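Have the viewer ready and follow along.

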Amino acid sequence: MLVTGLESFARTRLLEVEDEGIRPDYERVFRAFASRAERDCNRFAELQAEAQSRGGSILEAVVDAVHVTFQNYDHVKRVYKAAYGIKAADLALSGQTLSNLQRFIHHRHRVLHVSPLLGMLNEEKVPPQEPVFANHATAESAVACFSEYVEALNNATQRLRSM
């Protein structure tokens, strides 16, 4: 649920910032995610024209067309940097928090795509890593980590208005 919450928040907030009057760099988002073939055939101009003709958001059209995956930390990081210049360093989070966030996303992927019965979430890395078990303490740690990240990302988008 935490990854789904991150996905929902990150996508919604990305588009809300545009609605608040802060213009994203549409073309930079397109270039960050589009394939070479899409860039070479001028797909960006097509997306821009389609969005404008139907009165929709260019950013939303681009994000949908280039398949930004908001359940992927790297995609979230790249889309916010491309659209609004927000870098992971701007979030004022420790490297440990960002590392934990990525690990929790990976653990969720393993539970969903390998087995929902996994007791040890990182068994493929034990040893040398210490085991991480699917228990209440891990869940509390994940909630705190995701909450901290979402709050920091929201704060960074709020600061855009004062610039």
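Helix 1 (residues 2–19) and helix 8 (residues 136–161) pack with their axes 11 Å apart, at an angle of about 0°. Angles under 35 degrees count as roughly parallel, and helix 1 and helix 8 are therefore roughly parallel to each other. Please keep in mind that this is a predicted model.

Which residues of helix 1 meet helix 8? On the helix 1 side they are Leu-2, Val-3, Leu-6, Phe-9, Arg-13 and Val-17. Their partners in helix 8 include Ala-142, Val-143, Phe-146, Tyr-149, Val-150 and Leu-153. Further along helix 8, Asn-154, Thr-157, Gln-158 and Leu-160 also take part in the meeting with helix 1.

## The whole chain

Stepping back, how many helices and strands does the protein chain have? There are 8 helices and 0 strands, and the pattern along the sequence reads α-α-α-α-α-α-α-α. If you are setting up a box of your own, the C-alpha atoms fill one of roughly 55 × 35 × 25 Å along the principal axes.

The protein chain has 163 residues, and buried ones make up 38% of them. Looking at contacts between residues at least 6 apart in sequence, 66% join residues at least 24 apart. As for charge, the chain carries 19 positive and 21 negative side chains, and the centres of these two sets lie 5 Å apart.

## Residues in the helices

Back in helix 1, you will find Ala-10. Is Ala-10 buried or exposed? Its relative accessibility is 0%, so Ala-10 counts as buried. Leaving aside neighbours within four places in sequence, Ala-10 is in contact with Phe-70, Val-76 and Tyr-80. Of these partners, Val-76 and Tyr-80 fall within the range of helix 6 (73–84).

Tyr-26 belongs to helix 2 (residues 26–33). With 9% relative accessibility, Tyr-26 counts as buried, because the cut-off for that class is under 20%. Apart from residues up to four places away in sequence, Tyr-26 touches Glu-18, Phe-44, Ile-58, Leu-59 and Val-62.

Thr-97 sits in helix 7 (residues 95–113). Thr-97 is buried too, with a relative accessible area of 9%. Which residues does Thr-97 touch, not counting those up to four places away in sequence? They are Cys-145 and Glu-148, whose numbers fall in the range of helix 8 (residues 136–161).

His-106 is another residue of helix 7. At 30% relative accessibility, His-106 counts as partly exposed. Over in helix 8, Ala-144 is partly exposed as well, at 46% relative accessibility.

Several of these residues come with a C-alpha separation to a second residue, which the table sets beside the spacing along the chain.

| Pair | Spacing along the chain | C-alpha separation |
|---|---|---|
| Ala-144 and Gly-55 | 89 residues | 39 Å |
| Tyr-26 and Ala-134 | 108 residues | 40 Å |
| Ala-10 and Asp-40 | 30 residues | 29 Å |
| His-106 and Leu-121 | 15 residues | 8.9 Å |

Now for the backbone. Most residues other than glycine have a negative phi.

What is the phi of Asn-42? The value is near 65°, which is positive in a residue other than glycine. Asn-42 is placed in the loop between helix 3 (36–40) and helix 4 (43–53). With a relative accessible area of 47%, Asn-42 is partly exposed.

His-67 is not a glycine either, yet its phi is positive at about 60°. Where is His-67 placed? You will find this residue in the loop between helix 5 (58–65) and helix 6 (73–84). His-67 is exposed, with a relative accessible area of 58%; the cut-off for that class is over 50%.

Notes:
Residues are numbered from 1 along each chain as its sequence is written. This is a predicted model: local features need pLDDT of at least 70, side-chain atom pairs count only at pLDDT 80 or more; totals for chains, interfaces and linings use all residues. Side-chain values use heavy atoms; hydrogens and water are left out. Helices (H or I, at least four residues) and strands (E, at least two) are DSSP runs, numbered from the N terminus. Buried means under 20% relative accessible area, exposed over 50%, partly exposed in between (1.4 Å probe, protein chains only). Contact means heavy atoms within 4.5 Å. Lys and Arg count as positive and Asp and Glu as negative; His and the chain ends are not counted. The place of a charge is taken as NZ of Lys, CZ of Arg, CG of Asp or CD of Glu. Axes are lines fitted to C-alpha atoms, for helices over the stretch in contact, and angles run from 0 to 180 degrees between N-to-C directions. Angles under 35 degrees count as roughly parallel, over 145 as roughly antiparallel, 65 to 115 as roughly perpendicular and the rest as oblique.
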